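Reader: Please give a close account of the contact between the two chains.

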Amino acid sequence: MDITRRDFTKIGCKIIISAASGTAIVESMFTKGIAAENPPEGYDWEKHFWGYVVDTRKCIGCGMCASACKMENEVPFDEEVYRTWIERYRVKKTINETREEEVEIDSPDGGIEGFEDDIPAEEIKKAFYVPKICNHCDNAPCVQVCPVGATYTTKDGVVLVDYEYCIGCRYCIQGCPYGARYFNTEKGTADKCTWCYHRITKGLLPACVQACPTGARKFGDLKDNTSEVKKIMDEERITLLKPDLGTKPKVFYIGLDREVR
Amino acid sequence: MLENLIWGYVYPNESEIQWSILIVLYPYITGLVAGAFIASSLYHVFGKKEIKPVARFALLTALSFLLVAMLPLLVHLGRPERGIEIMFTPHLTSAMSGFGYIFSFYLTIVVLEIWLSFREDIVNKALSSHGWKELLYSSLALFSFDISEKALHDDEKFARKLAIIGIPSAAFLHGYVGFIFGGIKANPWWSTPLMPIIFLMSAIVSGIALLILLYIAAMKIRKHVIDHKCLQSLAHYLWIFLILDVTLELLEIVSMKYASREDIDIINRLLSDKIGFTFYGVQLTLGIFIPFVLLLMVSLIKNRETLKLYMISISSIFVVIGVFAMRWNVVIGGQEISKSLSGTLTYVPVFYSQEGILPALIIFILPFIILLVVTSILPPWKDMEEEPS
């Protein structure tokens, strides 16, 4: 049989195209259910929209929240990874020549064990704690940058990772402006706070909110006008972290100072 | 020990650097690909005859590096076995999701371009050899042995068209790598619209420099005379692109410093404490200013070919080192500042580990081995064979 170069190219192209589409079809048949499309059983994610309030004036830096989180979500205690942590800010009295304030920021072990007094009280002008947690942004950069769509926003406004899909490229960790994400070495995937999605979909509070002894952390449904979080949103003056980045966070802060980023 | 590596306050989750030396290698290798391809198109598209001796060699160089370009990414993944998902279920808002497609498209163009420019040789080899060699070259010729004048003319026309598509794709391939970093608004050291074009210029610079070095090495190995006209022409283009490159790199720094936004303190600390040496010393001085002066002298000096050869070689070595430093300063530098803007951390490379120096070295040596194999199957030096050495 005599075939010309043109015919050969045509046949070759056809084989390549059918092989590629065939593989794609077979692949899609065997792909398991996609987490981003399936809410937990018995839970209607259209009915809720979650929000989180941190009243920094109430935080005493005890670390119960961060500790409860690690236990609840099996975040390794011996690794430097946190779904939530507490930062301590201490503004010193010493003012240097440039009039700039000297601010000591720390979060030893995420604040799990509390904080040590390593600066004499008389040297400190003011001090406060700031609990940090994933902001579950409405316009989440981590969701935007995930190359396979393994990170997604649920209908009720929670940003989650599908551990069955994540390829572990860590682009989301680079993309998060808040340092809320970490790499789970055991799973080989990215990981982060879920606002205890397994709890809130059963009507429970996130572990950190449950553990907070002073009520500095509050969690609730923004679609429910009677919820405490919604009331605070409606009545208090609220700030966000890094609002200029346009991420539209859903963790709302009361009493943030200018040093906090 | 960890305390010594951290200055100020970094978010607790930031204590480990996520993108290691492998991710430094990835833009470096794709840059060499894009640069080598653009060098070859100086002949194929713009008809610069003096580049002809290296035009086909440049294509093979581009292919050899392109074939390993995705390796550092794959090795770096937490779940490499799922890497293919980027092709099957790409999430299109991600700058990274296009990688598989752009890579494949570009690979197709490079392979076709090579096939067309080598077809005549392949057919001749197929017709003149026996046994497994005949089979090899016949399959490479796709069992089509038409090398009539008309067929060759058609080939040439098609190759030119392909190269014209190839230039924007090469530019896109690498500009896109720049956007992977430039699009990250969380990181003040990365987030700049200049990033893609800076990446592209440094890619062209590194690709031409690599081509110069490989060409000189190949001629030495083959004990063949160096075509000084070709070499000096390459050096001339290297010089022009160095100017564009340094203009953009300085523009970025100057505008950052001049605008002095919230992040300027941490950027200044990065430039003075963390990457001061690799940025001002290696990237700018060694990698740009010294080659710039040397190449300027090359274009001013008359005759003295051996001296010029040394000056061009030294410039090229400095340029490839300087561009590696540039990739390092972007990838590692960007991660050495905390997004809290209140602290810095230090990347300490490990030798033996999945993301260590060893796999990086292996991956970087691979394209040279591939190039050796490919040039032995498809010798790109046809035009010089007749000349006496």
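Author: The account below takes up the interface and then the cavities. This is a predicted model, in which local features need pLDDT of at least 70 and side-chain atom pairs count only at pLDDT 80 or more, while totals for chains, interfaces and linings use all residues. Residues are numbered from 1 along each chain as its sequence is written, chains are lettered from A in the order in which they are written, and side-chain values use heavy atoms, with hydrogens and water left out.

The contact (heavy atoms within 4.5 Å) takes 52 residues from chain A and 44 residues from chain B. Between them the chains bury about 4000 Å², 53% of it on carbon and sulfur atoms; buried area is the accessible area (1.4 Å probe) that two parts lose on being put together, summed over both.

Two salt bridges are counted between chain A and chain B, a salt bridge being a side-chain nitrogen of Lys or Arg within 4 Å of a carboxyl oxygen of Asp or Glu. A:Arg261 and B:Glu262 form a salt bridge through their side chains, at 2.8 Å from N to O.

On chain A, the elements that each supply at least two residues to the side touching chain B include α1 (5-30), β2 (84-95) and α4; helices (H or I, at least four residues) and strands (E, at least two) are DSSP runs, numbered from the N terminus. Of these, α1(A) gives the most, with five residues.

The whole structure also holds eight cavities of 30 Å³ or more. On a 1 Å grid over the protein atoms alone, a cavity is a set of points where a 1.4 Å probe fits but cannot get out, and lining residues have an atom within 4 Å of a point. α4 (171-175) of chain A and α13 (305-336) of chain B each supply at least two residues of the lining of the largest cavity.

Key: 1 Å grid on protein atoms, 1.4 Å probe; cavity = no way out; pocket = protein on both sides within 12 Å on 5 of 7 lines; lining within 4 Å. Points joined across faces, edges and corners; volume = space filled by probe spheres on them.
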